[in-house]
Amino acid sequence: MFLQFKTTILVSYILSFKNGFNFSTLNGLIPNIFSWSLQGTVGFENQINKCLDLAMYLYNKIRKREGYQMVFDAEPEHTNVCFWYIPPSIREMPDCEERKEKLRKVAPKIKAQMMECGTTMVGYQPQGDKTNFFRMVISNPAVTISDIDFLIEEIERLGGDL
C-alpha cells in the first residue's frame, strides 16, 4: 500500500521534471522508479558511480595497451567507451584506405565470434568518417574489474589472427 503511494509521487515528480530524465515510454520509466524507490538516492548514486568507475578503468587500461586505439581523444562521456582493436596484421600499416577497409571489418568479425562462443558481447558502430569501432556501454553494476579484464583479453584472443 505504501509503495503505491510512493510510486505515484515518484511518477508525478519524474514526469514533471522534463529536463532531467528522458524516458520515452513507461517501460523505461517504471523499472527505474522501482529501483530508485527500493535503493534510495544514495544506493542509486552508488550504482551509477560504480559504472562510471568501471568505464574509466576500461578507458585507462586500453588507452595504454598495445593494439587498442581510442576513437576520441577525450575521456569517455558517462559510461560509453569507444575504441578500436587493431590486430597485429594491420598495426604497422600506414593510415590509408586499405587500412581503414581492413579495420572496418575487425569489430563485426570479433563480435560474431563472441556471439558464437557465447563468452561476452560488446556493440560496434561507425560514426561519420570513423570506421566501425567498439562501443562499450557499462550499465550493469554487477560488472566487475575482472569482467573488464576478461573482455579485453577476449577481444585480443578472438582478433589476434585477423
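# Salt bridges and a sheet: how the terms apply

Reader: What makes the pair Glu-154 and Arg-157 a salt bridge?

Author: The closest N and O atoms of Glu-154 and Arg-157 are 2.7 Å apart. A salt bridge is a side-chain nitrogen of Lys or Arg within 4 Å of a carboxyl oxygen of Asp or Glu, so the pair qualifies. This is a predicted model, in which local features need pLDDT of at least 70 and side-chain atom pairs count only at pLDDT 80 or more, while totals for chains, interfaces and linings use all residues. Residues are numbered from 1 along each chain as its sequence is written, and side-chain values use heavy atoms, with hydrogens and water left out.

Reader: How many salt bridges does this rule give?

Author: The count is six. One of them joins Glu-156 and Arg-65, at 2.5 Å from N to O. Glu-156 belongs to helix α5 and Arg-65 to the loop between α2 (26-63) and β1, 91 residues apart in the chain. Helices (H or I, at least four residues) and strands (E, at least two) are DSSP runs, numbered from the N terminus.

Reader: Is Glu-154 called buried or exposed, and why?

Author: Glu-154 is buried, because its relative accessible area of 4% is under 20%, the cut-off for buried (exposed is over 50%, partly exposed in between; 1.4 Å probe, protein chains only). Glu-156, at 22%, is partly exposed, and Arg-65, at 27%, is partly exposed too.

Reader: What distance makes Arg-91 and Glu-66 a salt bridge?

Author: Their side chains meet at 3.9 Å, N to O, which is within the limit already given. Arg-91 lies in helix α3 (residues 88-91) and Glu-66 in the loop between α2 and β1, so the pair ties together parts 25 residues apart in sequence. Glu-66, with a relative accessible area of 62%, is exposed, whereas Arg-91, at 25%, counts as partly exposed.

Reader: How do you know that β3 and β4 pair?

Author: β3 and β4 (residues 130-137) share four bridges in the antiparallel sense; two strands pair if DSSP finds at least two bridges between them, so this pair meets the rule. Gln-125 stands opposite Phe-133 in β4.

Reader: In what order do the strands of the sheet stand, and why are some called edges?

Author: The four strands form an open, antiparallel sheet in the order β1-β2-β4-β3.
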